[in-house]
Each structure stands twice: as structure tokens, then as C-alpha cells.
Amino acid sequence: LHTLLVSLFKREVKTVRRGNKVASRENYVRDCLGMWFIASSDKQSAETTSKAIDGFLTKSRNMITAMPARDFEALKKAMKDALKVPPKNLDTENDKLWKEISTFELMFDRSTQYIAALDKITKADFEQYFDDLFFGESASRLDIQFIGDTHMLDMQNAMKGRFGSLFGKNM
């Protein structure tokens, strides 16, 4: 999932909204998949950037739902081909092995297992997984926004619009 989303994220949030710096990564903590998406801009407020990420997730959801079965199968094949590529050097292989050791998973044949798992994944499974991860009842999200003086007024107005009278008077 992350392999697909990272390229879409860079294209959507960085290219469409000029000036954004973007990054994305997946991580596993205690067998829970997490993904983070970062977008920063000196030209737009944090609220605008946060809305861009929301728009990206909604657009991705619609794209995945509308994806033809043949495109989904082509995506799976491309992922399998990428997983079959051996590490380019000892440093890359070392990183891969230490990831297994440091997480206590010790699944040294992870690529082979992922290739086998890809054969079993249907488009419906993929759509459901995406919805559960980002929009489901148990989905969690943490937004951290850093605001400079340039965009402070924009942020105050956005917070007043979102929270009304609950918004602090001292800000």
C-alpha cells in the first residue's frame, strides 16, 4: 500500500501545491502498520497543508476504487518484480537484516513471503484494507502542525472556524 501511496503523495501534494516539501514513510509498531505523511510549506498555512493531505487520501481512495482489475494485477506484478531484486550491496543487505533483528521478527525471507501473499490479495481486499487503515472506526490520526509568524493569523481563523467558542481567547 505504501509503495503506491508514496508516489501519489509526492505527485499530488508536492506538484499540485507548489512550494510544498513532502516526505512519507511506513513503519510497524507491535504488528500495527503506520504511515506518516509530511508536507511543509513557507507559502501556505499548516491548515492548508493539512487539508492537502486530507484531499490526497480521499483522492487516493477514489482512485483505488476506480482502478480496473488489470491495473491492479499490473501493480501486484510490479511489486513482485521489485521484491525479487536482490540487495545492491552489503550495506543494503545489512540494513534489511538488522531491521529483522531490531524488531525481533526474524523473518529473513520476508520478500519471499510478501511475494506469496501478493498472489492471495484481491482488489476487494486491497480496497477494504485502505478504507480500514485510513477511514475505518479504529483508524487513528495524529496531526502535528508547526506555525510560524507568517501564517499565525490564518491558523487562528481556521481554528475559530473549526472550534468556534471552544477556541481559546488568549491566542
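How many helices and strands make up the secondary structure of the protein chain? The predicted model contains seven helices and two strands. Along the sequence these elements follow the pattern α-β-β-α-α-α-α-α-α. Of the 171 residues in the protein chain, 29% are buried. The points below cover salt bridges, a pocket, a surface patch and selected residues.

- The structure has seven salt bridges, and one of them joins the side chains of Asp-131 and Arg-61 with an N to O distance of 2.8 Å.
- Asp-131 belongs to helix α6 (residues 123–134) and Arg-61 to helix α2 (residues 46–66), so this pair ties together parts that lie 70 residues apart in sequence.
- Asp-131 is partly exposed, its relative accessible area being 25%.
- Arg-61 is likewise partly exposed, with a value of 29%.

**Salt bridges within a helix**

- In helix α3 (residues 69–84), Glu-73 and Lys-76 are three residues apart, about one turn of the helix, and their side chains meet in a salt bridge at 3.6 Å, N to O.
- Glu-73 is partly exposed at 44% relative accessibility, whereas Lys-76 is buried at 6%.
- Lys-123 and Glu-127 form a salt bridge in which the closest N and O atoms are 2.4 Å apart.
- Lys-123 and Glu-127 are separated by about one helical turn, because they stand four residues apart in helix α6.
- Is Lys-123 buried or exposed? Lys-123 has a relative accessible area of 17% and is therefore buried, the cut-off being under 20%.
- Glu-127, at 23% relative accessibility, counts as partly exposed.

**Salt-bridge network**

- A network of salt bridges links Glu-100, Glu-105 and Arg-110.
- Side chains of opposite charge can pair when their charged atoms come close.

**Second largest pocket**

- The second largest pocket holds about 1000 Å³ of space.
- Its lining comprises 32 residues, and those closest to the centre of the pocket are Phe-37, Ile-53, Leu-142, Asp-143 and Ile-144.
- Which elements each supply at least two residues of the lining of the second largest pocket? They are β2 (32–40), α2 and α6.
- Strand β2 gives the largest share of this lining, with eight residues.
- By residue class, the lining of the second largest pocket divides into 17 nonpolar, 12 polar and three charged residues.

**Nonpolar surface patch**

- Leu-97, Trp-98, Ile-101, Leu-106 and Phe-108 form a nonpolar patch on the surface, and together they have about 480 Å² of accessible area.
- Leu-97, one of these patch residues, is located in helix α4 (residues 90–102).
- Leu-106 is exposed, with a relative accessible area of 52%.
- The phi angle of Leu-106 is near 55°, a positive value in a residue other than glycine.

**Pairs separated along the chain**

- Gln-145 sits in the loop between α6 and α7 (152–163) and is partly exposed at 26% relative accessibility.
- The C-alpha atoms of Gln-145 and Ala-39 are separated by 10.0 Å, while the two residues are 106 residues apart along the chain.
- Phe-130 is found in helix α6 and is buried, with a relative accessible area of 1%.
- Between the C-alpha atoms of Phe-130 and Thr-65 the separation is 9.9 Å, and these residues are 65 residues apart along the chain.

Conventions. Residues numbered from 1 in each chain as written. Predicted model: local features only at pLDDT ≥ 70, side-chain atom pairs only at ≥ 80, totals over all residues. Heavy atoms only, no water. Patch = residues over 30% accessible without salt bridge, like charges linked within 9 Å, V, L, I, M, F, W, Y side chains within 5 Å. Areas by Shrake-Rupley, 256 points an atom, 1.4 Å probe, with all protein chains shown as cover. Salt bridge = Lys/Arg side-chain N within 4 Å of Asp/Glu carboxyl O. Buried < 20%, exposed > 50% of the residue type's maximum accessible area, 1.4 Å probe, protein only. 1 Å grid on protein atoms, 1.4 Å probe; cavity = no way out; pocket = protein on both sides within 12 Å on 5 of 7 lines; lining within 4 Å. Points joined across faces, edges and corners; volume = space filled by probe spheres on them. Nonpolar A, V, L, I, M, F, W, Y, C, P; charged D, E, K, R; others polar.
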